[in-house]
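Thank you for making the time this morning. I would like to walk you through one structure, slowly, for those who have not seen it before.

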Amino acid sequence: MSEAGNTRQRIQQVAMELFTEQGYDATSLRQIAERLGLTKAALYYHFRTKEDIAVSFFEDYGHAVEELTEWGESRPNSIDTKRELLARYADLLVAHMPAMRFMHENRPALRKFNKEQLFQERMGRLIRILASDEDTLLRRLRAFDAIMTMHGAWFLRTSMADDPAEIREATLAISIELIESNERDRRPSAAPTSP
């Protein structure tokens, strides 16, 4: 990774620390620059405002979802593809969890960035890999729930001591069960045998 890329990541990491410690609204660019040991001018090279930093969390996550969606859309529409898509999404959430928590906890502040529609479009594409628009309502809801189960577990967990690897495995197991239920529904049921 380039020096500029490393600096950008360091800025994001320190900004996330300060947003978490003090709150988004109470954190200034000056405080971020001071903690990094950078001048404001050096910080401006990467981000002009703290809003730009906040948007960068969303955009990095969004690009990762976009890449995953493109991968899923290029694969055969099989249960193996769907299982792999869910496993990759679970990993993506783990990798972006600090930013996801920030976005979840600062929704009012982030609404002004007008990213909600883009987020919904990306989630819609991801979910349509798991169940098409032509599927029954039950199958489409299972696909939606498969993705939302992964999101919800990170935000609704009762203890910060929960192991992230356990959360990933548990939510992935539930999500795969939901998708496998759809596959079982699609199979023709065996004809009853006469006694």
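Predicted model: local features only at pLDDT ≥ 70, side-chain atom pairs only at ≥ 80, totals over all residues.

Residues are numbered from 1 along each chain as its sequence is written, and side-chain values use heavy atoms, with hydrogens and water left out.

The secondary structure of the protein chain comes to ten helices and zero strands, where helices (H or I, at least four residues) and strands (E, at least two) are DSSP runs numbered from the N terminus. Of the 195 residues in the chain, 42% are buried, meaning under 20% relative accessible area with a 1.4 Å probe and protein chains only. If we take contacts between residues at least 6 apart in sequence, 70% of them join residues at least 24 apart, a contact being heavy atoms within 4.5 Å.

Now to the helix pair. Helix 4 (residues 50–74) and helix 5 (residues 79–95) have axes that come within 10 Å and cross at roughly 170°; these axes are lines fitted to C-alpha atoms over the stretch in contact, with angles running from 0 to 180 degrees between N-to-C directions. Helix 4 is therefore roughly antiparallel to helix 5, a label given to angles over 145 degrees. Helix 4 contributes Y61, A64, V65, L68, W71 and G72 to the contact, and helix 5 contributes T81, E84, L85, R88, Y89, L92 and L93.

Which aromatic residues do ring pairs link into a cluster? They are F19, Y24 and F57, with rings of Phe, Tyr and Trp (its six-membered ring) pairing if their centres lie within 6.5 Å. The whole structure holds three aromatic pairs.

Finally, the charged end of K50 sits over the ring of Y24, 4.6 Å from its centre, and the charged end of R48 sits over the ring of Y44, 4.9 Å from its centre. Sitting over a ring requires NZ of Lys or CZ of Arg within 6 Å of the ring centre and within 35 degrees of the ring normal.

Technical notes
Parallel < 35°, antiparallel > 145°, perpendicular 65-115°, else oblique. Phe/Tyr/Trp six-rings, centres within 6.5 Å; stacked < 30°, edge-to-face > 60°. Buried < 20%, exposed > 50% of the residue type's maximum accessible area, 1.4 Å probe, protein only.
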